[in-house]
Each structure stands twice: as C-alpha cells, then as structure tokens.
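The points are grouped by topic after the structure.

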Amino acid sequence: EAQPPPRCPYLDTVNRAVLDFDFEKACCVTGHTFNVYACLVCGKYFQGRGRGTPAYLHSLQEDHHVFANLHTGRFYCLPDLYEVVDASLADIRDLLDPRFPPEAVAKLDSEISFARGIDGGDYLPGAVGLNNIRGSDYVNAVVQCLVRIPPIRDFFLRPENYVDRSSPLVQQFGLLARKVWSPHNFKGHVSPHELLQAVSRASGKRFAVGARGDALEFLAWLLNQLHEDLGGRRGKAGGSVVHDVFQGLVRVRHHARVRKRKAAPSKAEEVAPTGPADGDGDDDEGAGEGGDDQWRVEEKRVPFLYLTIDVPPMPLFRDALDQNVIPQVPLAQCMAKFDGRTFQDLVNGDRRQFRVVRLPKYLVVHIKRFSKNTQQLLEKNHTIVNCPIKNLDLSPYVDPAGAEGDAAPRARFDLVSSVQHEGKADAGCYKACVHFPANDTWYEMQDLHVQQIHPQLISVSEAYLQIYRRRDDERGARHGAPAVASTGTPAGGCGVQACAAASAAGNQAGLR
C-alpha cells in the first residue's frame with residue numbers, strides 16, 4: 001500500500017504576503033528559467049531542488065523549507081526532499097496557475113462576485129489594474145480591452161484550447177487573461193511583466209520594455225501574431241479565434257485617371273467614362289471634373305481586422321476669447337466615405353471608394369488622431385467624434401448583397417470597450433474604458449487605477465480605438481434607410497464611435 005506523504009511541520013512559515021508570481025520565472029542566482037522553484041517563505045526564485053542546487057543551499061542557509069515548483073505547481077520540503085500535499089496550499093496553486101471550469105466561465109457575464117485579497121481589500125475579478133512597467137500603458141490599455149471580449153476571453157481562460165501551442169506569446173497572453181479574471185489573487189492588481197517580455201522577443205524588440213509605443217500598432221501586431229501562433233495562416237481568412245471574432249471584409253474600388261489613347265483596354269480592366277461608377281445610379285459629386293478624362297476602375301475585396309476613420313483637421317486659429325476650441329463632428333460625417341458613392345481623392349489624382357461587405361462579430365474602429373507635419377513632427381488631432389454607445393446602426397454603409405438572403409445585414413452594434421489617449425502626441429498616456437454586462441457598469445482603467453465612470457463621459461473623450469459588439473439577434477435598417485441609434489442614456493449622448501477607411505492596397509496593419 002502507498003504510504004501517505006508526511007505532513008510538513010513548516011507550513012506555518014509560509015508567508016503569502018511576499019509571494020508574487022507575475023514576474024519572469026528565473027533563478028535569482030543562475031538566471032536560468034528551467035526547473036525553477038519559489039521559496040514560499042521569502043518569495044525568491046531558485047533553480048533545482050537536489051543536493052547542491054541553489055534552492056537546496058538556500059534552505060540550509062536561511063532555514064526556509066517550503067518550495068513550489070513554478071512549472072508544475074507541486075510543493076516540496078527542502079532539504080528533506082519530500083513532496084508536500086496539503087489542502088492549505090491550494091490558494092497558492094490557484095494564484096500560480098488559475099483554472100476556470102466551464103460553468104464558471106459561463107457565469108462571468110451574468111453574475112458579479114467580489115473577491116478579497118490577503119490585505120483585506122475587495123476587488124472585482126476582471127476589473128483589476130495592470131502595473132505600468134516603464135511606459136507600458138499602451139499595452140495595458142489594449143490588453144484590458146481584449147480580455148473582456150467574451151469569445152477571446154473564454155478561449156484563453158481554458159488552457160486546453162491552446163495547450164498544444166508552443167508560442168510563448170500565446171501562453172503568456174492566456175496566463176495574463178486568467179490572472180485578470182481570477183478570484184484567487186492575493187491583491188487587486190496584476191503585473192504584465194511576462195507578457196511584455198514575450199511581446200518583446202516575438203516582435204524583434206519592436207515593442208520593447210521601456211520604449212513608448214502606439215496602441216493601434218501594438219493591437220494590429222498582437223492580433224496578427226496571435227492568429228499565426230494559433231495555427232492561422234498569413235493572408236488566409238479563418239483558422240483561429242482571432243479571425244473568427246475580428247475579421248470583416250471591405251470592397252475597395254480604385255479609379256485610375258487615364259488619358260485618351262488608341263490602344264484598347266485589356267479584358268481585365270474596365271474603362272468607364274467619367275460619371276457614376278458604382279452602379280447605384282447615384283450622381284457622384286465632382287465626377288465630371290477633368291473634361292474628357294476617362295477612368296480605369298479596378299475592384300477588390302480586402303479582409304480587415306480593424307477599420308480606420310479620418311477626422312476633420314482642427315481649426316488653426318483661436319476663438320474670440322483667445323481660447324482653443326476642440327471641434328466635434330457627428331458620426332455620419334466620418335462614415336460618408338463608406339456609402340459606396342463618396343470618393344476619396346489621392347495625391348496622384350486617382351480616387352477610391354469604400355463599401356463594407358461583411359461586418360465582423362466585434363468591430364475594431366481606429367480614429368486616426370496622429371499624423372506627421374511637414375517637419376516630420378508628430379501631431380495630434382483632438383477632434384471629438386460624437387456617436388451613441390448603444391444601438392449603433394451601420395446598415396447604410398454595408399453592401400446589402402452581403403446579407404443572408406433578402407434580410408437586412410446584421411449591422412447594429414453596442415460599444416464594449418474603448419482605448420483613449422490623453423495629453424500631447426509625444427507625451428500622453430493611454431487608458432481603457434470597458435463595460436461589464438453583469439452589472440451594466442463602465443470602468444475606467446489607467447494602469448493600476450480602476451474606477452467607475454459615467455458612460456456620458458466617453459462621448460467627450462479623445463477615443464483612439466473603439467471595439468463594438470454586433471447584435472446578432474437584431475438586424476439593421478433596410479438598405480437606403482437612415483441610420484438610427486439611441487444613446488441608451490439621458491440626453492447629452494455618449495460614446496465616441498466610428499468606422500473606417502481601409503487601405504486599397506490592403507497593406508495596412510489591420511488588413512491581411
């Protein structure tokens with residue numbers, strides 16, 4: 001018969017106040033990252049547990065005896081070299097590697113349950129702060145938004161979904177998502193240190209620790225890299241949960257100006273006289289400019305992971321009170337470029353038209369605020385885009401041919417999270433505003449600081465990235481009907497939402 005493991009007499013020396021498993025699991029003596037143990041008395045990391053190893057010597061020198069294997073979650077008593085099996089250590093195992101049964105995941109959006117840290121303070125799982133590690137606010141804001149998108153969250157909360165993936169980026173993103181939602185944390189915040197190191201290595205130090213970055217560039221890189229590491233193929237639709245959630249399709253028509261010539265156009269090209277080019281029978285303003293010029297029309301469909309919207313430039317002069325006025329623009333003004341009729345003029349005289357063919361389940365909208373001036377200095381556009389938080393109808397901008405049968409396309413969206421930028425272009429900071437459906441509350445998260453926020457304030461913020469959830473149980477208005485949206489809040493409006501301009505060449509970071 002198997003003998004029961006001996007009861008460790010040193011369990012009362014375990015000091016939970018010093019335990020922190022958020023940092024790189026490397027030995028503090030050798031620097032190695034394999035076979036590493038944490039001393040549960042002082043919190044330091046040591047390699048090995050056999051005779052002569054740093055952990056073994058530490059137990060003799062400091063009289064610290066209880067250690068946890070950081071890779072397996074098993075506990076040992078040194079220098080006696082026997083395994084410790086005790087129910088009182090279950091909370092430490094849950095802190096090291098949180099696990100979620102399917103029934104717990106299913107309740108995250110319907111039930112609110114506060115947890116308590118070892119310091120006695122309460123925190124809400126899923127609404128915990130992230131440490132700002134030398135300018136990592138742009139990473140924190142993006143991660144806070146992504147781990148609250150139910151399909152992404154539910155996928156990464158279950159490690160068996162990606163246990164066969166060797167990518168450190170996938171493993172560390174999943175671990176951070178589980179820690180953010182874990183009710184077993186010892187404190188109300190988490191450090192993204194290990195994810196930052198995985199990002200730095202996977203990106204070739206493009207997003208290195210200590211270097212400031214752009215939230216959009218990081219989001220685009222992260223989504224594409226996760227897609228590939230989860231088995232998806234570059235340039236191919238589907239294949240991962242990332243594409244299932246975020247990928248949509250846009251139609252791009254490129255009108256190239258051509259001069260009269262004797263040579264006949266090729267069969268692959270359509271040469272049309274100046275005039276309506278979209279087949280809708282609608283007149284295109286300015287289409288007649290250029291006299292006898294003709295247009296070569298090329299059309300392609302480009303998949304996207306996010307859409308970019310241009311905002312009008314800010315006024316150059318101050319008002320009568322010598323104050324700078326931050327302009328506000330309605331959503332319809334920014335969305336007009338996606339009606340399939342409006343032209344976007346290019347610097348070489350060509351034109352483009354955009355039309356959304358298929359909307360994704362979760363739409364990422366990039367509000368283009370940063371650009372370089374003639375001196376190559378980065379400038380920020382503070383213009384506020386006004387639109388509702390709930391019941392946003394995008395059907396006037398979606399090709400009805402992409403809908404199922406004769407039904408109107410599913411084009412009603414609710415805002416679920418927002419990345420905002422405050423301050424100057426080269427010295428500002430990022431923060432996230434996220435919605436919790438379980439208690440229908442918005443939270444503002446800026447690094448370690450988490451607080452409730454009124455949804456009305458989001459409408460007057462300088463939103464940079466917006467993420468919307470499609471209402472699959474409702475369809476938008478019929479083609480040609482006006483867009484109707486309700487704020488879902490008292491008069492005054494909420495939200496900063498908009499949709500997007502995709503690159504016709506398909507080489508924007510969000511287009512694959």
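In this predicted model, α6 passes α8 in a left-handed crossing. The helix α8 spans residues 215-229, and α6 spans residues 168-181. The helix α6 also takes part in lining the largest pocket, where α6 gives the most, with 5 residues.

**How α6 and α8 pack**

- The angle between α6 and α8 is about 110°, and their axes lie 9 Å apart.
- Angles of 65 to 115 degrees count as roughly perpendicular, and α6 and α8 are therefore roughly perpendicular to each other.

**Residues where α6 meets α8**

- On the α6 side, the residues are Leu169, Val170 and Phe173.
- On the α8 side, they meet Trp221, Leu222, Gln225, Leu226 and Asp229.
- By class, this contact has 6 nonpolar, 1 polar and 1 charged residues.

**The largest pocket**

- The volume of the largest pocket is about 740 Å³.
- The lining of this pocket has 22 residues, and the closest to its centre are Lys25, Leu70, His71, Gln172 and Leu175.
- Two or more lining residues come from each of α2 (90-96), α6 (168-181) and α7 (193-202).
- The lining divides by class into 7 nonpolar, 7 polar and 8 charged residues.

**Where the two topics join**

- The helix α6 belongs to both: Leu169, Val170 and Phe173 in α6 meet α8, and α6 gives 5 residues to the lining of the largest pocket.

Conventions. Residues numbered from 1 in each chain as written. Predicted model: local features only at pLDDT ≥ 70, side-chain atom pairs only at ≥ 80, totals over all residues. Heavy atoms only, no water. 1 Å grid on protein atoms, 1.4 Å probe; cavity = no way out; pocket = protein on both sides within 12 Å on 5 of 7 lines; lining within 4 Å. Points joined across faces, edges and corners; volume = space filled by probe spheres on them. Helix = DSSP H or I, 4+ residues; strand = E, 2+ residues; numbered from the N terminus. Nonpolar A, V, L, I, M, F, W, Y, C, P; charged D, E, K, R; others polar. Axes fitted to C-alpha atoms, helices over the stretch in contact; angles between N-to-C directions. Parallel < 35°, antiparallel > 145°, perpendicular 65-115°, else oblique. Left-handed = near helix turned anticlockwise from the far one by under 90°. Contact = heavy atoms within 4.5 Å.
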